[in-house]
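Let's take a walk through this fold together. Keep the viewer open, and turn the model as you read.

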Amino acid sequence: MNQTDIEDKLNKFLSTIHISDELAGLFMEMGEIVILKRKEYFVRQGEICRYLGAVLDGNLRFSYCDTDGQEHTIGFNTNGFATEYHALLNQLPAKYSIQAISETVIFRLTHKQVINLYESSMEGQRFGRHIAEQLFFRRDELLFSFRCDTPEDRYKKLQEVADKSLNKLTLKDIASLIGVTPETVSRIRRKLQEKGES
């Protein structure tokens, strides 16, 4: 991806978050573009969370490693903001990792830049609230889905969000994301293919 494509994606991203030209200029002035290779970490569990990222292109996987060393996929992101927000704001070790599952272009800001952006104006504070709300809404949707949706419904929702990116996840990752075994994912796929929904 060349620099012009990256700038176009950044401008498109900024147009979706509805901020003034002044704040958008400050946002672009403060941050930097980084390109993560597949399997490269943006945030690593147990390390201080240093960045807030706007995902311009590519795919991120959120995962948690339990005390037995088992890794669990807990989320997936193709656009919007990505960070371990609590850890970022409080400069604490992250509770989970965020890793690229394909080449991913991110516009990132450091903790200090995020705070400076928020404190730059009343609009900056509203923008900070918007980011926090978006991250909360994503987590809330995931929690609701695990409590109220069937595994098949969760799989379909993942298909909608992930689009073609779902092919980049392993069967084990998909199973972990929707809270079932890999065998159940295979059964769901077969059932949806038989119905012509896959």
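Phe127 counts as buried, because its relative accessibility is 3% (buried means under 20% relative accessible area, exposed over 50% and partly exposed in between, using a 1.4 Å probe and protein chains only). Before going on, a word about what you're looking at: this is a predicted model, where local features need pLDDT of at least 70, side-chain atom pairs count only at pLDDT 80 or more, and totals for chains, interfaces and linings use all residues. Residues are numbered from 1 along each chain as its sequence is written, and side-chain values use heavy atoms, with hydrogens and water left out.

So which aromatic pair does Phe127 form with Phe27? The structure holds 7 aromatic pairs (rings of Phe, Tyr and Trp, the last by its six-membered ring, pair if their centres lie within 6.5 Å; planes under 30 degrees apart count as stacked, over 60 as edge-to-face and the rest as tilted). Phe27 and Phe127 make an edge-to-face one, at 5.8 Å centre to centre and with 85 degrees between the planes. Because Phe27 sits in helix H2 and Phe127 in helix H5 (residues 122-148), this pair ties together parts that are 100 residues apart in sequence. Helices here are DSSP runs (H or I, at least four residues), numbered from the N terminus. Phe27 is buried too, with a relative accessible area of 1%.

Ring pairs also link Phe13, Phe27, Phe81, Phe107 and Phe127 into a cluster. Elsewhere, look for Phe42 and Tyr51, whose aromatic pair is tilted: 6.2 Å centre to centre, 35 degrees between the planes. Phe42 is buried at 9% relative accessibility, while Tyr51 is partly exposed, with a relative accessible area of 21%.

Now back to H2, and how it packs. Helix H1 (residues 3-16) and helix H2 (residues 21-30) pack at an angle of about 140 degrees, with axes 11 Å apart (axes are lines fitted to C-alpha atoms, for helices over the stretch in contact, and angles run from 0 to 180 degrees between N-to-C directions). That makes H1 oblique to H2, because angles under 35 degrees count as roughly parallel, over 145 as roughly antiparallel, 65 to 115 as roughly perpendicular and the rest as oblique. Where do they touch? Leu10, Asn11 and Leu14 in H1 meet Ala24, Phe27 and Met28 in H2 (contact means heavy atoms within 4.5 Å).

H2 has another partner as well. Its axis and that of helix H4 (residues 111-119) come within 10 Å and cross at roughly 165 degrees, so H2 and H4 are roughly antiparallel to each other. Here Leu23, Leu26, Phe27 and Met30 in H2 meet Gln113, Asn116 and Leu117 in H4. Phe27 therefore turns up in the ring pair with Phe127, and it is also listed in the contact with H4.

Last stop: helix H7 (residues 171-178), where you'll find Lys172. Is Lys172 buried or exposed? Lys172 is exposed, because its relative accessible area is 56%. In H7, Asp173, Ile174, Ala175, Leu177 and Ile178 are buried. The C-alpha atoms of Lys172 and Ile74 are separated by 12 Å, though these residues are 98 residues apart along the chain. Just after H7, Gly179 takes a positive phi of about 75 degrees.

How values were computed. Helix = DSSP H or I, 4+ residues; strand = E, 2+ residues; numbered from the N terminus.
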